Amino acid sequence: MPQVDQSRQSRFEETVATYGTALERLARAYEADPETRRDLLQEILIALWQSFEGFDNRCSLRTWVYRVAHNTAARHVSRRLRMRKHFFVELEDVPELADGTEGEDAAVHRDALGKLYELIQQLKTLDRQVMLAYLEGMDAAETAEITGLSARNVAVKIHRIKQILARRVQSGTVQNGGAR
Amino acid sequence: MSVEQVQASAGKFQRKIQWRNAREYVAAFAVVVFFGYEFTRAADSLARVGFSLIIAGMCHMVWQLHSKGSWRPLPKDAGLSSCIEFKRRELERQRDLLSHVWSWYLGPLIPGLAVLIVDFSLAMQGHVKHAGLLVAAYALFVAGIFIGIAKLNSYAARTLQRQIDELDEAGR
């Protein structure tokens, strides 16, 4: 096995220990199929490992990890899109979509968290990234740094997300804030 | 996942990417084989020139697709780019490929096709009635297909440009 840079190795181990679970949630937000999701998570970890060669503290480790993870996952979505036609929705269209697709039988059998992820998986990439950041407890500034959205746009989207989640909590679709 | 596991997976992943790219070239390779076979069967040297030009055009096209459009691993500095910057670069790459379709995809095939049409026309002279009209109709048909492909690609490039504009707006 080739000689491994110690700082790169320890950074990777720190990342897996600190963000491993969050990365699993991120992969779940991008990919519904469990098997493909495992591949995506593996792809993210490989991308992180390779990217740490160029990590030079110009941003925090957390920002770096989320940027690499989101960029890898967004590419995964683009690849999947090329294989099959799929349409994503804006945050603004979520209530109509949710109201229209909630069959009573389905509602009985799906758990609240699963429904939340199902909702996230249908969002456009940027909306999905903001929602994930919000659910992971990031503030607006950090979300803007990772996504590249303006602070104003992040604030607008977070406001919208809060409305959606509040509505879902009221209707019993999401309990205890989902993944947060 | 341990460091050892990720290193082993990275190698496998790289091979998977190479295989995925290779599959994209199989169709082009089949076309080259077909025209290579036609080259060996060609009755005159003008036809052989035409088939050679088409094969050269296909090789140029595949090379351009490989260097500009093939799927590649995430760049090592992906952590320095925000999601919008990264997505924008990806979309720009695809848009440029689609909007320059004449220079790398359709254009290189035109000399070979033109030579073959001339050869076809010469071969029909004196054997078929209205040979000129038939050749002109065939040439128009080919031109129509090319223009159609170019228009479809141009439409797709404009769609990508709209997505880029939306990203720019979101970042402001």
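This is a predicted model: local features need pLDDT of at least 70, side-chain atom pairs count only at pLDDT 80 or more; totals for chains, interfaces and linings use all residues.
Visitor: Which residues of α1(A) and α6(A) meet?

Guide: From α1(A) come A:R25, A:R28, A:A29 and A:Y30; from α6(A) come A:L113, A:G114, A:Y117, A:I120 and A:Q121. By class, this contact has five nonpolar, two polar and two charged residues.

Visitor: What makes the pair B:E90 and A:R75 a salt bridge?

Guide: The closest N and O atoms of B:E90 and A:R75 are 3.1 Å apart. The cut-off is 4 Å, so the pair qualifies. The count between chain A and chain B is one salt bridge, and 12 residue pairs are in polar contact across the interface.

Visitor: Which helix gives the largest share of the side of chain A that touches chain B?

Guide: That is α3(A), with 10 residues. The side of chain A divides into 15 nonpolar, 13 polar and 12 charged residues.

Visitor: How much area is buried between chain A and chain B?

Guide: About 3,100 Å², with carbon and sulfur atoms giving 61%. A:I46, A:N71 and A:R75 supply 22% of the area that chain A buries against chain B, more than any other three residues. The contact takes 40 residues from chain A and 34 residues from chain B.

Terms used: Residues are numbered from 1 along each chain as its sequence is written. Chains are lettered from A and ligands numbered from 1 in the order in which they are written. Side-chain values use heavy atoms; hydrogens and water are left out. Contact means heavy atoms within 4.5 Å. Helices (H or I, at least four residues) and strands (E, at least two) are DSSP runs, numbered from the N terminus. Ala, Val, Leu, Ile, Met, Phe, Trp, Tyr, Cys and Pro count as nonpolar, Asp, Glu, Lys and Arg as charged, and the others, Gly among them, as polar. Buried area is the accessible area (1.4 Å probe) that two parts lose on being put together, summed over both. A salt bridge is a side-chain nitrogen of Lys or Arg within 4 Å of a carboxyl oxygen of Asp or Glu. A polar contact is a pair of N or O atoms within 3.5 Å; within protein, one must be able to donate a hydrogen and the other to accept it, and residues adjacent in sequence count only if both atoms are side-chain atoms.
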